[in-house]
Amino acid sequence: MEINGDNNIVENELAVEEGDCEAPILNSSVFLDHVGEVLLTHNSDGLSWKPLTSFDNDGSSCLKIKFSAKLPTEIKFSDVYAVELTNYGSIHKVNRPNAGNKLLGRESLDSEMFRFTVHGFQKSKTQPNLWVLAVYTFGHKDLPTCEMWVNRLNASLNLEVGRPKNLLVFVNPLSGKTNGRRTWEIVAPIFARAKIKTMVVVTEKAGHAFDVMVSTTNKELNSYDGVIAVGGDGLFNEILNGYLSSRYKAPYPPAPSDFVHSVWSNECSLVHNPDEKVAEVSDQNDGQYPCLPSSQHNGSGLSNFFQDSEFPYPKEWFRFGIIPAGSTDAIVMCTTGARDPVTSALHIVLGKRVCLDIAQIVSWRETAASKVEPRVRYAASFAG
């Protein structure tokens, strides 16, 4: 960093040698809102800033008693979900008096300048599973400098792997105490800042989300990176069942023995003949894919039962997400550990994920025509 004759800051772009991942890429002097002048540095894995005004970063003190927590001085790109150029406006500079002049007190000096904002999160100090929005607004008198930072930071965010770009969102307006729509309005700005496109479907009746998922073709599903439920456990399971019911073709288990006689009498082909030899899982896959032949699984570990020849399987990174707005929200407690819509939204936009176990539940019923038919449902589990 250099200062020319006009007392303006000249940004230095530092060369990074191959293999030297710790070298800073870019740094310049800017103003951080509510802090003051800082040296902002773009590193290989994040953003850091160092106050240029001499003061104790551990907080204000009076008679050696600390009154405020240590100020953040860095954020990793993995914790940043958006960077945007904001309007020309005020940056609040805090003037911290030297010790001896005043015991306590900070004068706020406002200056008008160009600004850009970094959006990320911090973990709550009292509840580690709770993620809190963190906003850092930087200012500079020179617009091209702000634009340069925005472009450079967005380029770094584009290198983050696994973040969604396009999502199908179902909102249950009656979820919980009619909290669904309000919950989505709270978290929608997070998706907008992250430049994630969302197709929002507000459900009108029970089974609406199921019907939409059944009728949506695999080609249409491949245009999305995942499906989000804004509601409770019921909406999530409805979406899951609609997704799998018309696509997943797993063999049914045998019917209960008390149905066997009536099945044979009606020549129902849905139940295995007890004398027929059933293919067994090889010892190599024992415990990994119980009850299913090893030939029915591809190399990625995904069951190959999707029948669309043109689009045989939705993207391997296709995901299901849930933003809690229900009465119990048991599923979200297994994913984020917090019944907090903002925390769930941040997990989704940052591409966080956990493995999802799916159980197929088959119940057999006898119809009026004395035929046995299966009723298939799917349930989500997070056993590990």
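Predicted model: local features only at pLDDT ≥ 70, side-chain atom pairs only at ≥ 80, totals over all residues.

**A first stop: Ser 44**

**Around Ser 44**

- You'll find Ser 44 in the loop that runs between strand 5 (36-42) and strand 6 (46-51).
- Phe 77 is 33 residues away from Ser 44 in sequence, yet the two sit 9.0 Å apart in space, going from C-alpha to C-alpha.

**Aromatic pairs**

- A pair of aromatic rings is described by two things: how far apart the centres are and the angle between the planes.
- The count of aromatic pairs here comes to 11.
- Take Trp 49 and Tyr 136: the ring centres are 5.0 Å apart and the planes meet at 55°, so this pair is tilted.
- Trp 49 belongs to strand 6 and Tyr 136 to strand 12 (residues 131-140), so the pair ties together parts of the chain that are 87 residues apart in sequence.
- Buried or exposed, what is Trp 49? Trp 49 is buried, with a relative accessible area of 4%.
- Tyr 136 is buried too, at 9% relative accessibility.
- Another pair, Tyr 88 with Phe 114, is edge-to-face, with 4.8 Å from centre to centre and 75° between the planes.
- That pair also links distant parts of the chain, as Tyr 88 is in strand 10 (residues 80-95) and Phe 114 is in strand 11 (residues 107-123), 26 residues apart.
- Tyr 88 counts as partly exposed at 47% relative accessibility, and Phe 114 is partly exposed as well, with a relative accessible area of 25%.
- Back with Trp 49 and Tyr 136, both are members of one aromatic cluster that also takes in Phe 116, Phe 138 and Trp 149.

**Two helices packing**

- Helix 3 (residues 180-193) packs with helix 9 (residues 341-349) at an angle of about 35°, and their axes are 10 Å apart.
- The crossing of helix 3 past helix 9 is right-handed.
- On the helix 3 side, the contact is made by Thr 183, Ile 186, Val 187, Ile 190 and Phe 191.
- Helix 9 brings Pro 341, Val 342, Ala 345, Leu 346, Ile 348 and Val 349 to the contact.
- Sorted by class, the contact between helix 3 and helix 9 has 10 nonpolar residues, one polar and no charged ones.

Key
Residues numbered from 1 in each chain as written. Heavy atoms only, no water. Helix = DSSP H or I, 4+ residues; strand = E, 2+ residues; numbered from the N terminus. Phe/Tyr/Trp six-rings, centres within 6.5 Å; stacked < 30°, edge-to-face > 60°. Buried < 20%, exposed > 50% of the residue type's maximum accessible area, 1.4 Å probe, protein only. Axes fitted to C-alpha atoms, helices over the stretch in contact; angles between N-to-C directions. Left-handed = near helix turned anticlockwise from the far one by under 90°. Contact = heavy atoms within 4.5 Å. Nonpolar A, V, L, I, M, F, W, Y, C, P; charged D, E, K, R; others polar.
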